[in-house]
Amino acid sequence: MDNPLDLLRADDRTAAWLAGLEADDSPDVEVVLPDAFTLLDLAVPHEDVNEILALAQKIRADPGLWWLLERCARRLVRGIGLIDHPFDLPYLPAGLGAAGRYFHLFVFVAALPHVRAYHRERGVPADVSRHTLADLGRNVAVHRRRHGVGGVIQPSWIKMHYRGEIYQLGRLQYQRATLGTRMGTLIEGVMPGAPSLNLHIPDFSGPLTPAACDDSLARARAFFPRHFPDEEPTVATCYSWLLDPQLADHLPESSNIVAFQRRFRPGYPAEQPNDGGPIEFVFGDPDLPPDQLSPRTTLEHAIVAHLRAGGHWYEGNGWFPL
């Protein structure tokens, strides 16, 4: 394998990021490599386990990758408990092969004891902690579905779980957040920067039924005042293609998506098309051209028909009081 640090320095997208790591003086974090049972606890698909375990030994033996792993882990751990911590974990150059595709999984496993400790300090129930951190396995499954090989599809997303920012409560996930300027100036009675909960709808979790959403929201209304009493969010927000109001024109009144949209008060109008959003979450790959899609369900037919008629989809947004 080429020197991984040389590959990072040669890539404009990662050179500055690497320089920041080299200058970092965060306390060291003892890096623990994953074993099979840890991977299974995190819902990593069985077909990925053997490759990850073999790769762990290669990373341990490679001075450059080990250096990188140690410093990424300590930067991630330093941000546990914070909201909107600026440190990110970029995608690594393709030249790193499997080590690059799976690398962030090793960073998250290294942070695992620390985020679990943070959950315990906050009194987060063990099942909530387990379900939240297992989103890593879901992410690995999405990577294989899209690319045909294992890896972590979106480390910047999973990063928020492993610093205590996102929690899975039933069907929905909730992100500890603060209101941005646009949404904060729109909602009467609150200000930009006020605490809020940002709702997320994870894949591979069954239908988005009204009953499942009611149950999840009831859990959230009890969970956050109990475990984060210093934040006191008063509104919930959501930014998703599922809130594009055009969906209601294409789906039946009984649709779970339409019922989900009705929970929210409209936010600000979306300006830029986001056709890749529904294609990614419904068909598995945002880059699939509409004329190559083979719709089967009512939702799939709605998405494809709208695009083939020359329309566009947008990321909608909305809010409701907690």
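1. Ground rules. This is a predicted model, where local features need pLDDT of at least 70 and side-chain atom pairs count only at pLDDT 80 or more, while totals for chains, interfaces and linings use all residues. Residues are numbered from 1 along each chain as its sequence is written, and side-chain values use heavy atoms, with hydrogens and water left out.

2. Buried means under 20% relative accessible area, exposed over 50%, and partly exposed in between (1.4 Å probe, protein chains only).

3. Helix 4 on helix 6. Helix 4 (residues 46–61) and helix 6 (residues 98–121) pack at about 90 degrees, with axes 10 Å apart. That makes helix 4 roughly perpendicular to helix 6; the cut-offs are under 35 degrees for roughly parallel, over 145 for roughly antiparallel, 65 to 115 for roughly perpendicular and the rest oblique. Axes here are lines fitted to C-alpha atoms, for helices over the stretch in contact, and angles run from 0 to 180 degrees between N-to-C directions. Helices (H or I, at least four residues) and strands (E, at least two) are DSSP runs, numbered from the N terminus.

4. Who meets whom there. From helix 4 come Asp48, Glu51, Ile52, Leu55, Ala56 and Ile59, and from helix 6 Ala98, Ala99, Arg101, Tyr102, Leu105 and Phe106. The residues of this contact divide into nine nonpolar, no polar and three charged (Ala, Val, Leu, Ile, Met, Phe, Trp, Tyr, Cys and Pro count as nonpolar, Asp, Glu, Lys and Arg as charged, and the others, Gly among them, as polar). In helix 4, Asp48, Val49, Ile52, Leu55, Ala56 and Ile59 are buried. The buried residues of helix 4 pack against helix 3, helix 5 (63–78), helix 6 and helix 8 (135–147).

5. Two positive phi values to look at. Most residues other than glycine have a negative phi. Ala43 has a positive phi of about 65 degrees although it is not a glycine; Ala43 is in the loop between helix 3 (36–41) and helix 4, and is partly exposed at 41% relative accessible area. Not counting residues up to four places away in sequence, Ala43 touches Ala134, Gly137 and Arg138. Glu232 lies in the loop between helix 11 (210–227) and strand 4 (235–240) and counts as exposed, at 62% relative accessibility.

6. The domain records. UniProt lists residues 39–164 for "domain: N-acyltransferase N-terminal" (unreviewed entry), and over that stretch the chain is 69% helix and 0% strand. For "domain: GNAT-like C-terminal" (unreviewed entry), UniProt lists residues 166–320, where the chain is 34% helix and 19% strand. UniProt positions are in the numbering used here, feature names are shortened, and annotations may be inferred rather than shown by experiment.

7. Helix 15 and its surroundings. In helix 15 (residues 298–308), the buried residues are Leu299, Glu300, Ala302, Ile303, Val304, His306 and Leu307. They pack against helix 12 (247–250), helix 13 (256–261) and helix 14 (276–283). Just after helix 15, Gly310 takes a positive phi of about 95 degrees. Asp287 is in the loop between helix 14 and helix 15, and counts as exposed at 65% relative accessibility.

Note on methods: Contact = heavy atoms within 4.5 Å.
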